[in-house]
Amino acid sequence: MSPPTTTTLASEEVTDLPTADSPLARQVAEDARRRRVLAAVKPRRPEGTRTLTVANQKGGVGKTTSAVNLAVALAQQGMRVLVIDMDPQGNAGTALGVPHHSEIAGIYDVLIDGLPLAEVVQESTAVPGLWCAPATIDLAGAEIELVPMPARESRLAASLTTYLDERSGEDRFDFVFIDCPPSLGLLTVNAFVAAREVLIPIQCEYYALEGVSHLIRNIELIRAHLNPALSVSTVLLTMYDARTRLSAQVAEEVRAHFRDQTLRTRVPRSVRISEAPSHGESVLTYDPHSSGALSYREAAAEMLDGIPPSTPRGAGAPPAMEATSDVTVHPTCTSPPALMEQGVRP
């Protein structure tokens with residue numbers, strides 16, 4: 001049998017190329033449409049500084065990843081953004097390329113030694129308009145050291161208020177993101193007391209839902225005893241896999257309970273998002289054309305109200321929590337320990 005002719009091979013090659021109706025072509029066209037929408041967005045600076053605590057006591061749901069990439073996306077839109085790392089692992093500093101070894105002054109020194117926040121904040125060399133207060137390994141012992149201290153729940157709030165009051169006009173920060181550890185101890189309580197808003201990243205898997213009711217109940221206790229202004233303003237769906245029904249079901253359940261707070265944007269599972277921190281970068285600087293970078297840019301635009309969410313949020317201040325302790329995700333889900341047992345006093 002004679003070998004295939006060049007014409008036959010060329011024909012086969014053309015046949016194997018993706019057509020306009022193929023999933024790949026549709027995805028490329030959709031990404032192009034999303035980029036056009038983002039290009040038309042005209043970001044507006046918020047009237048005052050928005051301080052958001054990024055919290056979820058379940059680990060691996062994308063807290064640090066979301067805090068870092070949203071901060072970078074907002075900074076790239078001209079906002080002045082501060083990231084405060086309250087996680088002893090220091091991953092936010094790693095992703096932003098900010099040194100956080102033990103010889104560096106960090107949030108531990110602010111909480112325990114009363115060092116002014118201005119002396120630990122470092123400006124990012126990679127992203128203009130972005131600053132970071134890093135966490136060092138010393139922060140791992142802060143939970144115990146804070147217990148006997150006066151005003152232990154509000155030490156971060158006092159330092160942050162002083163720092164922000166020193167900056168006004170064009171020099172003020174537009175956004176402050178406080179990245180929390182995967183727990184509900186005194187570090188997280190300090191973050192709740194220092195903020196007015198809570199951003200909850202929720203992984204699109206079943207186990208991620210189980211801890212949401214615990215978190216909401218603890219936020220309600222914080223509101224009742226320590227910070228009446230605190231509210232859940234933003235819920236971000238992360239690690240969304242469009243190929244599975246489970247992701248769609250989890251997203252539907254979250255939107256049912258957090259109707260006004262859930263962003264329309266869903267951050268997909270992405271290798272690029274996972275790779276970026278190993279290079280000391282966010283996904284927006286590591287691969288700005290990836291689907292993950294595009295999703296975080298869209299989420300940032302929603303937070304700036306440049307792209308309206310799927311349901312109206314209303315004007316003015318962030319909405320009060322609509323999803324409260326009525327959130328039920330499993331019949332065996334029990335109530336969390338009271339904050340009194342975690343070092344919080346009414």
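This report describes charged and aromatic side-chain contacts in a predicted model.

## Salt bridges

The predicted structure holds 11 salt bridges. In one of them, the side chains of Glu197 and Arg50 meet with a distance of 2.8 Å from N to O. Because Glu197 belongs to strand 6 (residues 197–203) and Arg50 to strand 1 (residues 50–54), this pair ties together parts of the structure that are 147 residues apart in sequence. Glu197 is buried, having a relative accessible area of 3%, and Arg50, with a relative accessibility of 17%, counts as buried as well.

Another salt bridge joins the side chains of Arg259 and Asp260, where the N to O distance is 3.0 Å. Here Arg259 is partly exposed, since its relative accessible area is 42%, whereas Asp260 counts as buried at 14% relative accessibility.

## A network of charges

## Aromatic pairs

A pair of aromatic rings is described by two quantities, namely the distance between the centres and the angle between the planes. In this model the count comes to three aromatic pairs. One of these is formed by Trp131 and Phe173, whose ring centres lie 5.3 Å apart and whose planes stand at 85 degrees to each other, so that the pair is classed as edge-to-face, a label used for angles over 60 degrees. The two residues come from distant parts of the chain, 42 residues apart: Trp131 is in strand 4 (residues 130–133), while Phe173 is in the loop between helix 7 (155–165) and strand 5 (175–179).

Both partners are buried by their accessibility, as Trp131 has a relative value of 14% and Phe173 has a relative accessible area of 1%. Ring pairs also bring in Tyr163, which is linked with Trp131 and Phe173 into a cluster.

## Charges over rings

Phe173 takes part in a further contact, in which the charged end of Arg80 sits over the Phe173 ring at 5.6 Å from the ring centre. A contact of this kind is also found at Tyr240, where Arg266 lies over the face of the ring, 4.3 Å from its centre.

Conventions. Residues are numbered from 1 along each chain as its sequence is written. This is a predicted model: local features need pLDDT of at least 70, side-chain atom pairs count only at pLDDT 80 or more; totals for chains, interfaces and linings use all residues. Side-chain values use heavy atoms; hydrogens and water are left out. A salt bridge is a side-chain nitrogen of Lys or Arg within 4 Å of a carboxyl oxygen of Asp or Glu. Helices (H or I, at least four residues) and strands (E, at least two) are DSSP runs, numbered from the N terminus. Buried means under 20% relative accessible area, exposed over 50%, partly exposed in between (1.4 Å probe, protein chains only). Rings of Phe, Tyr and Trp (its six-membered ring) pair if their centres lie within 6.5 Å; planes under 30 degrees apart count as stacked, over 60 as edge-to-face and the rest as tilted. A charge sits over a ring if NZ of Lys or CZ of Arg is within 6 Å of the ring centre and within 35 degrees of the ring normal.
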